[in-house]
Amino acid sequence: MKKLFCALFFILFTVNSFSQKIDYSVFAISDSLKDNANAVTRLDQTDITITSQRSMNIKTQRVVSVLNAKGQNDIDAFQYYDKSTSIKTIEAIVYDAFGKEIKKIKRKDFRDQSAVSGSTLFSDNRVIYLDYTPISYPFTVVYNCEIETSNTAFIPQEYFLRGHYLSVEKCVLNVTFPKELGFKKKEFRFSDFNIKKTAETDTQLSYLATNIPAQKPEDLSPNYADLFPKVMMGLENFHLEGVDGKATTWEAFGKWYGDKILTGTTNLPEETKAKIKALVGDEKDPIKKAKIIYDYVQKKSRYVNIAVGIGGWKPMLANDVDRLGYGDCKALSNYTKALLQVVDVPSYNTILYGDSYKKDIQSDFVSMQGDHMILAVPNGDNYVWLECTSQDNPFGYQGTFTDDRDVLVVKPEGGEIVRTKIYDDKGNKQLAKGNYSIDKEGNFSGTLAIVSEGSQYAQKSRVETFQPNEKEEHYKEYWDNINNLKLGKITFTNDKENIRFTEDVRLTASNYGAISGNKMIFVVDAFNQSSANIKRIRNRKNPFQIQRGYLDNDEIEINLPEGFSIEFLPSNYELKGKFGEYKTEIIKKENNKLTYKRSMFLNKGKYSNKDYDEYRLFMEQISRNDNAKIILTKN
């Protein structure tokens, strides 16, 4: 599933120079901070000054020593801006490994471009960024920037550690604010890191983090944002898009957002209204009406990406989307809402974090959150969720981008935190049925029908959009256990009504069966061998999680070559545990035929680091059995 992005909040990693004295020589960095590091943050200081409900100044100085090419992205020298956010200063200075200045980079030398995909979208959202190619490694960059904004709704979250393979010498956060604005904060995961609160009063908050060593990623770990320390901040009395607002409860916040930000954005031309009414005709059922309109939006419009961190929460006017035929997630959701209003179908703008990695709105911290918008159409006591950026999704299908997470539904009476659709583990299923034959030379030919539903539909249906060479590459990777694979006819059936995707594939391979003397050996499970390569991690630190469970059921008829008899047949196998269940069965039939059955069920869940070795063993046992071989003897 292609990754979609759209902006609903400002990530203001902004900056300006301070009177700090730092030895820019890389040799001044302690060895403990160089271990496992591609870059070292020598100083990351952010000073946030909120002077009123409508004024915020943010200065940042970031000093980053880049040790190798992989650390280049850790410089993070970029800044978004628009009509509400101005950049007062932005600059960078580059030093060599010994701390000698080699280059000054002024604002005019930064790249400045639209923050929106596409070349003709009317938008004042822009990004300015450092585009520096080093002569050699290591080197150090001092990046300074200062911005001013009237949008006090978006106080940037402070991530004291911004990613893996990055260590931190010193990180400073200073925030000052008027007492009457109702400043609030929420701290996450401070206990395992060297972070001190150096000041906290009615008008000031300060933190100091020092000597945080680089963290290596561990397979199946939660996202780094759910592992590393951070602090969220917000105001109860804020300003957004020219409007003052309150964030005391979700109900009050949602009411304000609907009344003050969304009002007036859903007007449509009379010609469009008439077209929609004619399209819906005499249909009375609200969900069927919504389905007709969703199909209309998918055919008429296309998604454009406004980079994360820009664009505010006010969508483009529905009139403009109707005229231009494109927009970001807010614009397309709001446009769909406007069309639904024409035929008296209620729907609600819904704010969330959109990604295949599930992330909740923090329900106990009322503030501007989220980076994506979808639409909620009430259906009895539940909702039908519409992903309006997709031109391919079936109606009401969420897939893996917006499923199973807390979101904010904005109703006329106020906001409400709701959980989106949870796809049951056993509903995320793949059913495979087919056959293959082995001839006396060990050559393989087979046919297979794979039916995918639930979250597996999202993973499989994208293959339909691939170019021929991409399809071939996909299946050769999918069946990398079959050497010399050649693909025959491939057909797809995309049943969007029942959200079911079917792949019918014909394939052949030479020398699948290895012949030695009068014996032939081959792996029974040709079509669905477990590819989970679970690394051994000694002294694992992090918990691990299985984001989505699934169920695979296979039934394969096997035609053995004439003139051979079975010398060895793998035993039936069954495995049960906290992580799931696995079972295989081989049934001997007449005329040198076998039926192979395989069932694999995996539970989603969050597990302790102490459970990791047990999970690795569970998956290794499955992989070993999937690789079980049959031995034939020539008569």
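## A walk around Arg 548 and beyond

Let's start with a polar contact of 2.9 Å, which links the side chain of Arg 548 to that of Asp 403. A polar contact here is a pair of N or O atoms within 3.5 Å; within protein, one must be able to donate a hydrogen and the other to accept it, and residues adjacent in sequence count only if both atoms are side-chain atoms. The side chain of Arg 548 also gets to the backbone oxygen of Thr 400, at 3.0 Å.

Before going on, keep in mind that this is a predicted model, where local features need pLDDT of at least 70, side-chain atom pairs count only at pLDDT 80 or more, and totals for chains, interfaces and linings use all residues. Residues are numbered from 1 along each chain as its sequence is written, and side-chain values use heavy atoms, with hydrogens and water left out.

So where does Arg 548 sit? You'll find Arg 548 in the loop that runs between β30 (544-546) and β31 (550-559). Helices (H or I, at least four residues) and strands (E, at least two) are DSSP runs, numbered from the N terminus. Arg 548 counts as buried because its relative accessible area is 16%, and buried means under 20% (exposed is over 50%, partly exposed in between, with a 1.4 Å probe and protein chains only). Not counting residues up to four places away in sequence, Arg 548 touches a list of residues including Ser 356, Lys 358, Arg 405, Asp 425 and Lys 604. Touching, or contact, means heavy atoms within 4.5 Å.

Now hop over to another loop, the one between β10 (166-176) and β11 (183-188), which holds Gly 182. With a relative accessible area of 17%, Gly 182 is buried. Leaving aside neighbours within four places in sequence, Gly 182 is in contact with Gly 234, Leu 235, Glu 236 and Asn 237.

Time to step back and take in the chain. There are 37 strands and 9 helices in it, and the C-alpha trace spans about 90 × 75 × 40 Å along its principal axes. Of the chain's 635 residues, 54% count as buried. Look at contacts with a separation of 6 or more, and 74% of them in the chain come from residues 24 or more positions apart.
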